[in-house]
Protein chains: 2
Amino acid sequence: MRQAPLDRFYSVIPAGGVGSRLWPLSRADAPKFLHDLTGSGQTLLRDTWERLAPLSGEQRIMVVTGRAHRAAVEAQLPELADRNIVLESEPRDSSAAIGLAAAILERREPGVIIGSFAADHVISGSSLFRDAVRTAVSAADAGYITTIGITPTEPAVGFGYIECGDELDVEGAEHVSAVSSFVEKPDLGTAREYLAGGRHLWNAGMFIARADRLLEELALTKPDLHAGLVELAEAWDDPQRRGPAVDRIWPRLEKIAIDYSVAEPAAERGRLAVVRGHFQWDDVGDFASLAKLNTAGRSGELAILGEHARVLADAASGIVVSRADRVISLIGVKDIVVVDTPDALLVTTSEHAQRVKSVVDALRLGGSSDVL
Amino acid sequence: MRQAPLDRFYSVIPAGGVGSRLWPLSRADAPKFLHDLTGSGQTLLRDTWERLAPLSGEQRIMVVTGRAHRAAVEAQLPELADRNIVLESEPRDSSAAIGLAAAILERREPGVIIGSFAADHVISGSSLFRDAVRTAVSAADAGYITTIGITPTEPAVGFGYIECGDELDVEGAEHVSAVSSFVEKPDLGTAREYLAGGRHLWNAGMFIARADRLLEELALTKPDLHAGLVELAEAWDDPQRRGPAVDRIWPRLEKIAIDYSVAEPAAERGRLAVVRGHFQWDDVGDFASLAKLNTAGRSGELAILGEHARVLADAASGIVVSRADRVISLIGVKDIVVVDTPDALLVTTSEHAQRVKSVVDALRLGGSSDVL
């Protein structure tokens, strides 16, 4: 008898991006996924692991990360199997990262269904999350590249949207729709229309698919990339062959987000399905969203992140992130963002939070890479 | 032949107040006078010394400071004669500090004229300053308690004012006036009237007087305080007697500013003279004035204090004081005040700079005296 779809499910966690807009909290040697951004007491990576383990089992979670983060990732995830940590010699974007995981896993276990979930997003409502993944796994088993879209709760302008098309008939899964289109971050008016219309979901970058189907889509749009990944996967589980293959192939792989190599082309051909997620989700893209996340519903308040924070605030609102052992005093500053680390300090406002990335670029150009 | 007045002149520098409104830059163990607030490369105390030395000579400058600051003061002023450092066992306000200096110096050198100048004010235009002091010394020699009032250059609301009365006939000195009254910090409308009227000067807390005359005034208004100071001065230059006298007398002296014990009463009896100072002066009472001082005439700019400051600013104005070896990044913050020290960080705005003192009080009450 064929295994139930969920028994063939494998979680993949790409743990890549630094999160430049969260500098100086996030940085090259301490990327966003290695931080506790919610005050939960553990890192976003660990949160992600614990969310996925009940679905796929701890032995069936693969992490794709940079070589520099190996020790930190293993410290966070002591249960992670040795063969399930895939180390990138350099970042090659999400098509390469997820595609390599798909190719390795398909080779090990033909028919595997993979689900890829970012290591640095914040989700609450784990059982609703698992409901959505189970539905998505059924749709993936039916051959669809499947994504989970988040039901909007406000007219957000910081996220991309997925427009739902007709409902699809998928065995064992209800309320699965085709995807009509992907939409980049809209303006506020458009976001309000989306919220009112009910057909648009937030794009959370979650992809669930049979590994062979995902590779098939990639072969159609990016044949060279696909060929490189398959060749790499063939050598992967042979300790003698892996190193040379990585050195030869990895640096030449095209850098492209999986949204463009797989998801959007699949949507155009009617091969992309979307499942509605009713859980709370945030990609915590900048300090404005971090502030909002930590003062949910409490406007005008000051969010304080940092286990040993010593903050004295007088008529202050916004967010303070305390990562240095210092007294922080705020007086009469509204919607402020203060991020205090041992070697770098950021002071800005929620309104300007998106511009942090440009400061990081300026620091890099200005020879201050020591604090990046 | 009687000595010329300036030959009998002695400078007194009370180096007392912490400068709480400049926390966390100023603090108990690093009071305001031990900082370089102008980027001159030396402390305000040293600036004060160098301003006075050409007037009285280095051997004729007395510093009254707290015991805790002895080493720091001596490091700043290696020329300071041993017998000219007067150490307070605890702060007893300016009447005690200046009165003790007057009593000691009058005993050593009857007929001495003393001039008391705060250790932590900023003055530019040293030759204009010296002109004013010379005039004031002549008025003091004629028996007046004399102050130097600063000609206002704007309708400042952060200073007290001195209202000039009739011109006085003083030998060897022109443009010396009686003082009609002292005025506390006015509102903006009143300050504008003062500026337009030309009869009001800023009260810079400078007092020049014959020591015997100053003690005489004090004897009239505060006989107990006067008696205590005279008794203390009698014992001062005897190493055997000084300690016990300090222990017995000093803690019981009334704490009162010399403005109230001497200057205002003398003004009421027509015994206070004022000399117009045309130099630039600021008491640098808070970070708003510090910002203004360091961006003089350059509105919308960011003042940066700190020899090794690494500041990256994007659309930011106000002031950054960098006393910790860190990169400081400011994005889109206007009139901001950021003071970065190894153990404490302050973020506020010019508008709220006056409230820093209340934060210091709150920290003290909250058990964070380690950073005060």
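Residues are numbered from 1 along each chain as its sequence is written, and chains are lettered from A in the order in which they are written. Because the model is predicted, local features need pLDDT of at least 70 and side-chain atom pairs count only at pLDDT 80 or more, while totals for chains, interfaces and linings use all residues; side-chain values use heavy atoms, without hydrogens and water.

At the interface, 35 residues of chain B are in contact with 35 residues of chain A (heavy atoms within 4.5 Å). The copies meet through the same surface, since 100% of the interface residues of chain B are also interface residues in chain A. About 2700 Å² is buried between the chains, 59% of it on carbon and sulfur atoms (accessible area, 1.4 Å probe, lost by two parts on being put together and summed over both). On the chain B side, R326(B), I331(B) and L345(B) lose the most area to chain A, together 25% of what that side buries. There are 6 salt bridges across the interface (a side-chain nitrogen of Lys or Arg within 4 Å of a carboxyl oxygen of Asp or Glu). R326(B) also forms a salt bridge with D340(A), the closest N and O atoms being 2.8 Å apart.

Over all chains, the structure holds 12 aromatic pairs (ring centres of Phe, Tyr or the six-membered ring of Trp within 6.5 Å; planes under 30 degrees apart are stacked, over 60 edge-to-face, the rest tilted). F117(A) and F129(A) pair edge-to-face, at 5.4 Å centre to centre and 70° between the planes. Both F117(A) and F129(A) are buried (under 20% relative accessible area, 1.4 Å probe, protein chains only; exposed is over 50% and partly exposed in between). Together with F279(A), these residues form one aromatic cluster. R51(A) lies over the face of F129(A), 5.8 Å from the ring centre (CZ of Arg or NZ of Lys within 6 Å of the centre and within 35 degrees of the ring normal).

In chain B, the charged end of R51(B) sits over the ring of F129(B), also 5.8 Å from its centre. W202(B) is buried, with a relative accessible area of 3%, and W281(B) is buried at 6%.
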